[in-house]
Amino acid sequence: MGFTDEVGIDLGTANVLVYIKGKGVVLNEPSVVAINRDTNEILAVGEEARQMLGRTPSNIIAVRPLRDGVISDYDVTERMLKYFIRKTCGNSRFFKPRIMVCVPSGVTEVEKRAVREAATQAGGKAVFLMEEPVAAAIGAGLDISKPDGVMIIDIGGGTTDVAVISLGGIVTSTSVKVAGDKFDEAIIKYMRKEHKLYIGERTAEEMKITIGTAYPREEMVVKECRGRDLVTGLPKSIEITSKEMMEALDEPLQVICEVAHGVLERTPPELSADISNSGIVITGGGALLHGIDKRIEERTGITVRIAEDPKSCVAIGTGKALNSIDAIENNQMNKRRSYI
Ligand SMILES: Nc1ncnc2c1ncn2[C@@H]1O[C@H](COP(=O)(O)OP(=O)(O)OP(=O)(O)O)[C@@H](O)[C@H]1O
């Protein structure tokens, strides 16, 4: 792959996306790394490593170094980031791109420094970090530069970020560690409790994507779910309905709706009025859960729109933000608000 000068990276807890100016999203891989425990050597990164999750022999571990919206394994995150940057931007000593990285909202100062260092070591000439909701809003095509309030809900793997943005900066926001991963956990818990069936994370995610729902479906769908019978200890498969999935997902969905409601309650009235006119936009992989727009609409009374290509919004917004970085850097107010 050729070299480039502007790169946007969505360093997500579930997926890493790399956006290159003029080319679009060039990489979209799970944030998973497989490591040899004995030698500490990296065996696989991304999709190849994800296939190994829950299926590794004792000397190999497949880890998700960013979990629950924070960097749980600092060293592995650094190595993973470097791997993805080199894979997409080439490995030149002479050419150094400007890199904007969007980090999960829960990361600490120390972790931010680690991300900056990793991106610099991987070849970044200048490395900037960016807040997730701002990137999501830009990527969803919203004009955040005007004095009008826009509301964005980004439902990722580890965190849901709810924010009201105006004049390029966040006015009110909340980040909660309830998103796609918690949906999967809720399905695992439900299957264990209601059907005495023990299922893995990947099966739970598949159930969520295929028959999961946040709002009653017009037509009920059914899917076979395979796991281990907790009573006999043997493999078992049972048919599960979308109605059951809605019951299983109820608790985390309620949390997300309450957080959205809470942000609206804290929003200045002028901006509230803008939002009730323009609606709420949802991004992130979680926005693809069937009926989640209707569920949020029901709780807030505000129209909800799913962004086009919701999984890519943060990466696209991160890359696009680089275009306007010089202008933004001159504007102290925005610099303070949007960049970390
Ligand atoms: N069609 C779908 N229906 C429901 N959930 C989905 C669908 N497709 C993807 N997801 C879920 O979206 C989540 C990943 O979303 P995304 O890639 O936006 O997260 P991320 O940016 O890596 O996470 P974070 O924002 O927390 O750092 C996963 O939990 C995945 O299971």
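This is a predicted model: local features need pLDDT of at least 70, side-chain atom pairs count only at pLDDT 80 or more; totals for chains, interfaces and linings use all residues.

Student: What's phi doing at lysine 196?

Tutor: Phi there is near 50°, a positive value in a residue other than glycine.

Student: Which other non-glycine has a positive phi?

Tutor: Leucine 167, at about 50°. Leucine 167 is in the loop between β12 (160–166) and β13 (169–176), and with 15 C-beta neighbours inside 10 Å it counts as partly exposed.

Student: What touches Leu167?

Tutor: Serine 145 does; leaving aside residues up to four places away in sequence, serine 145 touches Leu167 and Gly168.

Student: Where is serine 145?

Tutor: In the loop between α4 (132–139) and β11. Serine 145 is partly exposed, with 16 other C-beta atoms within 10 Å.

Student: How far is serine 145 from glycine 124?

Tutor: They are 21 residues apart in sequence and 27 Å apart in space, C-alpha to C-alpha. For another pair, take arginine 86 and alanine 122: 36 residues apart along the chain, with 6.5 Å between their C-alpha atoms. Arginine 86 belongs to helix α2 (residues 74–89).

Student: Changing topic: how is the chain split into domains?

Tutor: The domain assignment gives domain 1 (6–134 + 314–338), domain 2 (144–178 + 250–307) and domain 3 (180–249).

Student: How far apart are the centres of domain 2 and domain 3?

Tutor: Their C-alpha centres lie 27 Å apart. The contact takes 17 residues from domain 2 and 14 residues from domain 3.

Student: Let's look at α7, then. What span should I expect for it?

Tutor: α7 (residues 242–265) has 24 residues, so at 1.5 Å a residue it should span 34 Å; the end C-alpha atoms are 32 Å apart, which agrees.

Student: Where does α7 bend?

Tutor: At aspartate 250, by about 55°, and proline 252 follows within four residues. Pro252 is also among the buried residues of α7, which include Ala248, Leu249 and Leu253 as well.

Student: And which residues of α9 are buried?

Tutor: In helix α9 (residues 292–300), the buried ones are Ile292, Asp293, Arg295, Ile296 and Thr300. Down the axis of α9 they fall within an arc of 165°, so they line one face of the helix.

Student: Why would a pattern like that give one face?

Tutor: An α-helix has 3.6 residues a turn, so residues three or four places apart point the same way.

Student: What do the buried residues of α9 pack against?

Tutor: They pack against β11 (150–155), α7, β17 (280–283) and β18 (304–306).

Student: What comes after α9?

Tutor: Glycine 301, with a positive phi near 75°.

Methods:
Residues are numbered from 1 along each chain as its sequence is written. Helices (H or I, at least four residues) and strands (E, at least two) are DSSP runs, numbered from the N terminus. The expected span of a helix is 1.5 Å times one less than its number of residues. The bend at a residue is the angle between axes fitted to the seven residues ending there and the seven starting there. A residue is buried if 20 or more other C-beta atoms lie within 10 Å of its own, exposed if 12 or fewer, and partly exposed in between; C-beta atoms are placed from the backbone. The arc is that of the directions from the helix axis to the C-beta atoms. Two residues are in contact if their C-beta atoms, placed from the backbone, lie within 7 Å. Domain bounds come from an automatic or database domain assignment.
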